[in-house]
Amino acid sequence: MAETKSEQKPTRKTHAANTPEMAPEEIFRKFLKDGEYRNTPERFEVLDAVMKWDDHFDADNLFIDLKNRGSKVSRATVYKTLNLLHECGLVSRYRFSQGHAQYEKTIDRPHHDHLICTTCGKIIEFDNSRVVQMQNDICIAYGFRPLYHSFQVFTECLDGAMDIQDCEYAGQRKSALMNPHKKKNHSIK
């Protein structure tokens with residue numbers, strides 16, 4: 001049985017954040033060439049928009065941001081390009097809740113993990129060396145070499161434990177969805 005073109009395409013073998021010597025454009029260009037994907041200006045326009053985003057976003061937020069800047073990139077191109085960027089390791093994809101996938105770039109961001117409130121949607125980023133040590137210990141115990149990890153703790157924040165109308169973050173979240181350029185900082189370092 002002959003292999004089809006899609007069966008021959010490379011899968012992500014390394015995390016792009018582990019190749020700091022290459023610019024994101026170079027990583028993506030090489031991934032597209034190796035996988036025999038089309039190298040289009042629209043895909044690089046999406047990449048450029050992603051690299052400017054400093055927080056979590058979904059495909060629709062990114063599409064709206066591009067449209068607000070006068071881009072002609074289609075919604076389908078945004079979704080397809082985000083999948084390719086995820087495959088090549090330039091973005092991480094998360095399912096924090098029952099909603100849409102959330103993304104964040106992997107380049108120019110320190111590794112971190114997430115606390116997610118299941119009531120109001122608040123996302124707290126944190127870094128804890130014990131999580132990395134636990135990853136390494138578990139891999140050694142089972143004979144694996146760690147590459148990267150994603151640690152998510154689904155919680156109910158103290159604000160979220162109250163009536164959702166009283167949750168301070170719920171109002172901020174609604175505002176952020178209405179104005180995707182406004183930066184918010186809920187990171188714990």
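1. Among contacts between residues at least 6 apart in sequence, 57% join residues at least 24 apart. Keep in mind that this is a predicted model.

2. Overall make-up. The protein has eight helices and five strands. Along the sequence they run α-α-α-α-α-β-β-β-β-α-β-α-α. Of the 189 residues, 40% count as buried. The exposed surface comes to about 11,900 Å², and carbon and sulfur atoms supply 52% of that area.

3. Helix α3. This helix covers residues 41-52, twelve in number. From first C-alpha to last it reaches 17 Å, close to the 16 Å expected at 1.5 Å a residue. Its buried residues are R43, F44, V46, L47, A49, V50 and M51. What covers them? The cover includes the helices α2 (24-34), α4 (59-68) and α5 (75-87). It also includes the strands β1 (91-94) and β2 (102-105).

4. L62. This residue is found in helix α4. Is L62 buried or exposed? It is buried, with a relative accessible area of 0%. Leaving aside neighbours within four places in sequence, L62 is in contact with V46, A49, V50, W53, F57, V78 and L82.

5. Salt bridges. Side chains of opposite charge can pair when their charged atoms come close. The count here comes to four salt bridges.

6. K30 and D34. Their side chains meet in a salt bridge, at 2.6 Å from N to O. Both lie in helix α2, four residues apart, which is about one turn of the helix. K30 counts as partly exposed, at 46% relative accessibility. D34 is partly exposed too, with a relative accessible area of 44%.

7. D48 and K52. This salt bridge has its closest N and O atoms 3.1 Å apart. Why are D48 and K52 separated by about one helical turn? Because they are four residues apart in helix α3. D48 is partly exposed at 32% relative accessible area. K52 is exposed, at 52%, because the cut-off for exposed is over 50%.

8. D65 and R69. Their side chains meet in a salt bridge at 2.7 Å, N to O. Which states do the two residues have? D65 is buried, with a relative accessible area of 1%. R69 counts as partly exposed, at 42% relative accessibility.

Definitions and conventions
Residues are numbered from 1 along each chain as its sequence is written. This is a predicted model: local features need pLDDT of at least 70, side-chain atom pairs count only at pLDDT 80 or more; totals for chains, interfaces and linings use all residues. Side-chain values use heavy atoms; hydrogens and water are left out. Helices (H or I, at least four residues) and strands (E, at least two) are DSSP runs, numbered from the N terminus. The expected span of a helix is 1.5 Å times one less than its number of residues. Buried means under 20% relative accessible area, exposed over 50%, partly exposed in between (1.4 Å probe, protein chains only). Contact means heavy atoms within 4.5 Å. Accessible areas come from the Shrake-Rupley method with a 1.4 Å probe; for residues, only the protein chains shown count as cover.
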